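User: I have a model open and want to go through its fold and a few residues. Can you take my questions as they come?

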Amino acid sequence: MDMANQLSPIHIACIMDGNGRWAKRRGLPRTEGHTAGEENLAEVVRVCASRNVGWLTVFGFSTENWVRPPAEVKHILSLHKKLFGRIEELNANNVRIQWIGRPFDEPSSKTPGFIQKAILQAIDDTAHNTGMVLTVAFDYGSRAELLRAAQLSRASHLTALDVSVDEISSHLYLPSLPPVDVVVRTSGESRISNFMLWQIQGAKAYFTERTWPDFDAHEIDNALKLVHAH
Ligand code: IPE
Ligand code: IPE
Ligand code: MG
């Protein structure tokens with residue numbers, strides 16, 4: 001393991017899956033699983049901020065998730081409002097929050113106004129923090145992101161052949177987000193489900209049977225260990 005590699009901050013990206021199964025196992029409604037998942041995310045943020053993690057990116061809600069039952073969607077929305085409202089904790093951990101998803105001004109955007117407000121407020125209230133960057137993917141899908149990047153890249157060139165890898169990268173939703181070092185998916189699934197398809201090029205993958213509400217510090221360390229393994 002070389003020293004430089006050991007010291008450079010890691011980008012970990014988590015597909016937080018299995019909230020429903022966590023609840024089902026306990027005979028609870030799915031919504032309770034999402035509540036437990038949001039609470040665990042707060043703990044994961046704290047643990048990652050105390051490790052060599054520079055960027056934590058989490059899949060909160062996908063462009064495909066809107067077809068879930070309205071009551072479940074409503075509950076998940078309220079949990080995102082709660083998550084983006086955790087300003088005191090974020091500031092205490094020197095964490096800067098970001099959001100990734102379909103831009104609010106695009107016709108395809110589905111983020112309701114009250115979530116937009118919570119997102120913008122949280123970004124503003126944590127902008128001064130210099131530690132870990134927490135990026136929450138909400139109304140996010142890689143295909144929508146890449147389609148837009150391709151359209152914008154094409155628009156800025158005379159011919160399609162001039163479109164380059166760098167050009168596409170510069171038109172992603174958050175061009176400043178570094179490549180992902182390790183992508184995690186919980187609850188025994190090994191699908192990527194339209195998450196960060198461009199950004200996970202070259203990333204390690206960590207799949208665990210644990211459901212998201214049970215994803216703990218030991219699991220985080222297992223995933224981080226993969227980054228330096230051959
Ligand atoms: C992940 O848990 C949360 C979201 C996708 C919003 P699930 O709700 O997908 O949980 P399972 O897969 O049904 O167990
Ligand atoms: C992926 O989980 C999306 C999020 C974690 C937000 P899903 O549970 O929605 O994914 P699929 O449909 O099982 O692949
Ligand atoms: Mg699922």
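User: Which elements have the lowest and the highest mean pLDDT?
Analyst: Helix α1, residues 3-7, has the lowest mean pLDDT among the elements of the chain, at 53. Strand β4, residues 133-140, has the highest, at 99. Keep in mind that this is a predicted model.

User: And what is the mean pLDDT of the chain?
Analyst: The chain has a mean pLDDT of 96, and 97% of its residues reach 70 or more.

User: Now the sheet. In what order do the strands come, and is the pairing parallel or antiparallel?
Analyst: The order is β3-β4-β2-β1-β5-β6, six strands in an open sheet, and the pairing is parallel. At the edges are β3 (96-100) and β6 (204-207), each of which pairs on one side only. On average, neighbouring strands are turned by 20° against each other, direction ignored.

User: How many bridges join β5 to β6?
Analyst: Four, with β5 covering residues 182-185 and the two strands running parallel. One residue pair to look at is Val184 and its bridge partner in β6, Tyr206.

User: Is β3 mostly covered or mostly open?
Analyst: Mostly covered, with four of its five residues buried.

User: What do helices α3 and α6 pack on?
Analyst: Helix α3 (residues 30-49) lies across β1 (10-15), β2 (53-62) and β4, and runs at about 165° to β2. Helix α6 (residues 113-126) packs on the sheet and touches β3 and β4, with its direction at about 145° to that of β3.

User: Moving to single residues. Where is His34, and is it buried or exposed?
Analyst: His34 is in helix α3. His34 counts as buried because its relative accessible area is 9%, under the 20% cut-off.

User: What does its side chain make a polar contact with?
Analyst: The side chain of Asn19, at 3.2 Å. Beyond neighbours within four places in sequence, His34 is in contact with Asn19, Arg68, Glu72, His75, Ile76 and Leu79.

User: What about Glu189, buried or exposed?
Analyst: Buried, at a relative accessible area of 19%. Glu189 is in the loop between β5 and β6.

User: Which side chains does Glu189 have polar contacts with?
Analyst: One polar contact joins its side chain to that of Arg21, at 2.8 Å. Another goes to the side chain of Arg191, at 3.2 Å.

User: Which residues does Glu189 contact beyond four places in sequence?
Analyst: Asp17, Arg21 and Phe207.

User: Last one, Val163. Where is it?
Analyst: Val163 is in the loop between α7 (142-155) and α8 (165-170). Its relative accessibility is 26%, so Val163 counts as partly exposed.

User: What does Val163 touch, and how far is it from Glu39?
Analyst: Not counting residues up to four places away in sequence, Val163 touches Ser153, Arg154, His157 and Ile168. The C-alpha atoms of Val163 and Glu39 are separated by 42 Å, and the two residues are 124 residues apart along the chain.

Key:
Residues numbered from 1 in each chain as written. Chains lettered and ligands numbered in written order. Predicted model: local features only at pLDDT ≥ 70, side-chain atom pairs only at ≥ 80, totals over all residues. Heavy atoms only, no water. pLDDT = per-residue confidence, 0-100. Pairing = 2+ DSSP bridges. Axes fitted to C-alpha atoms, helices over the stretch in contact; angles between N-to-C directions. Contact = heavy atoms within 4.5 Å. Buried < 20%, exposed > 50% of the residue type's maximum accessible area, 1.4 Å probe, protein only. Polar contact = N/O pair within 3.5 Å; in protein donor to acceptor, adjacent residues only side chain to side chain.
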